2 protein chains.
Amino acid sequence: MKHLIIFLTISLFISSTHAAEYDSLPSWNEGATKDSIINFVDAITDKNSPDFVPKAERIATFDNDGCLWSEKPIYFQLYFAMDRIKTLAPKHPEWKTQQPFKAVLENDFKTLISSGKKGILELVMASHAGMTTEECENIVLEWLTTAKHPRFNRPYTDLVYQPMLELLTYLRANGFKTYIVSGGGIEFMRPWTEKIYGIPPEQVVGSSIKTKFEIRNGKPVIVRLPEIDFIDDKAGKPIGIHKHIGRRPIAAFGNSDGDLQMLQWATSGKEKRFALYVHHTDEIREWAYDRKSHVGRLDKGLEEAKKNGWTVVDMKKDWKVIYPFEKK
Amino acid sequence: MKHLIIFLTISLFISSTHAAEYDSLPSWNEGATKDSIINFVDAITDKNSPDFVPKAERIATFDNDGCLWSEKPIYFQLYFAMDRIKTLAPKHPEWKTQQPFKAVLENDFKTLISSGKKGILELVMASHAGMTTEECENIVLEWLTTAKHPRFNRPYTDLVYQPMLELLTYLRANGFKTYIVSGGGIEFMRPWTEKIYGIPPEQVVGSSIKTKFEIRNGKPVIVRLPEIDFIDDKAGKPIGIHKHIGRRPIAAFGNSDGDLQMLQWATSGKEKRFALYVHHTDEIREWAYDRKSHVGRLDKGLEEAKKNGWTVVDMKKDWKVIYPFEKK
């Protein structure tokens, strides 16, 4: 009887694996984009292929903002920082006249956006300095359960891309370790990436502030300091990858010029490599922007993609649904 | 026939797993030390135990020098740095009078040791600045194939501790992710830790120098800069853990006061925790040193271990063999 159960379990496992392989990317329309992904994965996982890559080397890195979830009208972490500043404002009358706090309190998005990812990090830094890393984690998690995106009136974590979730799962099923490599704050992402993307905290690379270890009330804690440690954007992305992972990815996924160096780094190795840009072309279901956008500009990257034959996702054309909640 | 083979494979797998569980730590003598390890692993892997810890949280961090391999008479990385300096010396006549190079060229160990891990990092930095990370990796690997330890006349990677190799394997078989968290240079360790310890580069945390990304001869490279980025020692260890892993280990292993904060950090979580110090007590098979040693001093740590009930390995008493080559 026990043997029979093992048999059945194995058969079920084999058939479900096959079924999954049949269409692991159901939200991707058939066509060249989807084919390029599948052809790459087939080639590097086929032991008889000259392009075979052993499992340990199957590292895939993903940008977060605009690649795994939306980034419009402003980076979601900026909403988080603004909400924090507003919560703390009564205790800081000086913020009324002091930038960038003034811009937050006046909802002056233009000033805030122009300060870039570094500006956001500085805001988060100012509003969380002296806090322990655990306290900070709790604040992020609480914010995510209550805050809602202004356009969709849904929690921000609802605005992840269904096709990219499928892609993450598909790659992991094929032996990949999937990483986030984002300009966003590492401590802003880590509390929820495992639940939302299946990416554990140790596989999240991001921008960071300095911290220090101390014994507080007899208990060891790590305390956030008001000093930037690392900006994981542009040329910082290959550096962040080298620092955290120590090997070159064989596949990299981004959506903006901030990801260009990561894609260059990933594709410059010896083995077969894959690079993909998500191009925001869907002004109805999501947003359409590229060369002129302040948030998530994709300009040089589009040229490089053309020149190097990287895959460019046309969101409007290639994706059946954008968000999980659109699925029937 | 196919089913029969699957059956046999499963049976073999099950019995070998059982056999392995019977004594996964054959180089450890029976007694309280070995029991403490096994009892901890049993408790946190037993689904019916109140101490059960889900797999994702089973993070174990290991110091390297003096915990996974020897560190006497001086840190092995210091030999590496000295060999590099000597190789490069003909091109640098100024080193004859300039510290710390002078100390290297005169084999002045006393001066070198007193400069600590930071001093080693500075030496490595000076001798590898401007090099790409790939070039540096090749130099490390080449050195390891040729350099020999002065006492044992063997490659340095022969001087890893057999009981600790078994412990790493045992923990991984029980769902742990094993990490190195060392004061040594991250780029000195990563090229070989996977082969020697089964620990992949992305699970190595260490001291580091700054790097920059650039396109060199049309090829993206990461170049080493002559500037220290991070010292992963003492209070730096919990910081390095937080930075790279983003969750608190449930078990930590060290051998010196430089590991104390890591052990404090690991054991201060809510779940059942484990901390272990390797105490160097075997002057015949290895070295005996603790409170007075310049390299790998264990003084405050011994007190803390006693106070907190941490496991202290008595190498002489607890380990049947020290190095793999002692096995019959």
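Author: Start with contact: two residues are in contact if their C-beta atoms, placed from the backbone, lie within 7 Å. This is a predicted model. By that cut-off, 28 residues of chain A are in contact with 28 residues of chain B.

Reader: What makes up the side of chain A that touches chain B?

Author: Helix H1 (2-22), strand E3 (204-216), strand E4 (219-230), helix H10 (236-244) and helix H11 (260-267) of chain A each give two or more residues. H10(A) has the largest share, with five residues. By class, there are 14 nonpolar, nine polar and five charged residues on this side of chain A.

Reader: How do you know that the same surface serves both copies?

Author: Of the contact residues of chain A, 100% recur in chain B. The same surface thus serves both copies.

Reader: What makes E4 and E7 of chain B edge strands?

Author: The sheet in chain B is open, with seven strands in the order E4-E3-E2-E1-E5-E6-E7. Pairing takes at least two bridges between two strands. Strand E4 (219-230) and strand E7 (311-314) of chain B each pair on one side only. In this sheet the pairing is mixed. Neighbouring strands are turned by 30° against each other on average, direction ignored.

Reader: How do you know that E2 and E3 of chain B pair?

Author: Count the bridges. Three join strand E2 (residues 177-185) to strand E3 (residues 204-216) of chain B. The cut-off is at least two, so the strands pair. They run parallel. Ile180(B) has Val204(B) as its bridge partner in E3(B).

Reader: What confidence does the predictor give the model, and where in chain A is the pLDDT below 50?

Author: The complex gets an ipTM of 0.91 and a pTM of 0.92. Chain A averages a pLDDT of 92, and 93% of the residues score at least 70. Over residues 4-20 of chain A the pLDDT is below 50. Beyond near neighbours in sequence, that stretch has three contacts in the model. Where pLDDT is low, the predicted coordinates should not be read in detail.

Definitions and conventions. Residues numbered from 1 in each chain as written. Chains lettered and ligands numbered in written order. Predicted model: local features only at pLDDT ≥ 70, side-chain atom pairs only at ≥ 80, totals over all residues. Helix = DSSP H or I, 4+ residues; strand = E, 2+ residues; numbered from the N terminus. Nonpolar A, V, L, I, M, F, W, Y, C, P; charged D, E, K, R; others polar. pLDDT = per-residue confidence, 0-100. Axes fitted to C-alpha atoms, helices over the stretch in contact; angles between N-to-C directions.
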